[in-house]
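Please read it beside the sequence and the coordinates.

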Amino acid sequence: MNPLLLTLVIGFAGTLGTLVRFALDGYFASNHPHHRHWPWATFWVNAVGSLLIGLAFGWAHSGHLSSGWQLVISTGLAGGLTTFSSWTTATVRLISEKRVVGAVLNVGANLLVGITAAGVGILLGELL
């Protein structure tokens, strides 16, 4: 894929990932308006994004995906979908609400699930 086309496709995929994240944030906000904040949307988009990046890496490593398409999935789609800044801000918000156990659980769960999802994605990508 030529560099200009690759850049445009990565940008489109990033936009798609961002819109999915926005929709998921809206879904959780509208279905849990009276509950104390818990960053479920951020948790799920980061888990799915880690899985997607793992899959793309596994597919590329096994020769089933070109490096260009790996960038589209990893940098574009998963990059637009996932959000480190929202995760860290949600953690700080939990601490500011004196929900330190929740903040620690948020950090631990995101790291554990993210690393596991990436590993599973790599394994699946290499097998498929």
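## Basis of the description

Helices (H or I, at least four residues) and strands (E, at least two) are DSSP runs, numbered from the N terminus. The model is a predicted one, in which local features need pLDDT of at least 70 and side-chain atom pairs count only at pLDDT 80 or more, while totals for chains, interfaces and linings use all residues. Residues are numbered from 1 along each chain as its sequence is written, and side-chain values use heavy atoms, with hydrogens and water left out.

N106 lies in helix α5 and is buried, with a relative accessible area of 2% (buried means under 20%, exposed over 50% and partly exposed in between, with a 1.4 Å probe and protein chains only). When neighbours within four places in sequence are set aside, N106 is in contact (heavy atoms within 4.5 Å) with W38, P39, W87, A90, T91 and L94.

## Packing of α2 against α5

The axes of α2 (residues 40-61) and α5 come within 6 Å of each other and cross at roughly 30°, which makes α2 roughly parallel to α5. Axes here are lines fitted to C-alpha atoms, for helices over the stretch in contact, with angles running from 0 to 180 degrees between N-to-C directions; angles under 35 degrees count as roughly parallel, over 145 as roughly antiparallel, 65 to 115 as roughly perpendicular and the rest as oblique.

Residues of α2 that take part in the contact include F43, L51 and W59, and those of α5 include V113, I122 and E126. By class, the contact of α2 with α5 has 13 nonpolar, 10 polar and one charged residues, where Ala, Val, Leu, Ile, Met, Phe, Trp, Tyr, Cys and Pro count as nonpolar, Asp, Glu, Lys and Arg as charged, and the others, Gly among them, as polar.

K98 is found in the loop between α4 (84-96) and α5 (100-127). This lysine is exposed, with a relative accessible area of 71%, and its phi is near 65°, a positive value in a residue other than glycine.

## Aromatic rings

The structure holds five aromatic pairs, counted when ring centres of Phe, Tyr and Trp (its six-membered ring) lie within 6.5 Å, with planes under 30 degrees apart taken as stacked, over 60 as edge-to-face and the rest as tilted. F43 and W44 form an edge-to-face pair, at 5.2 Å centre to centre and 80° between the planes. F43 is buried at a relative accessible area of 12%, whereas W44 is partly exposed at 43%. Ring pairs link W38, W40, F43 and W44 into a cluster.
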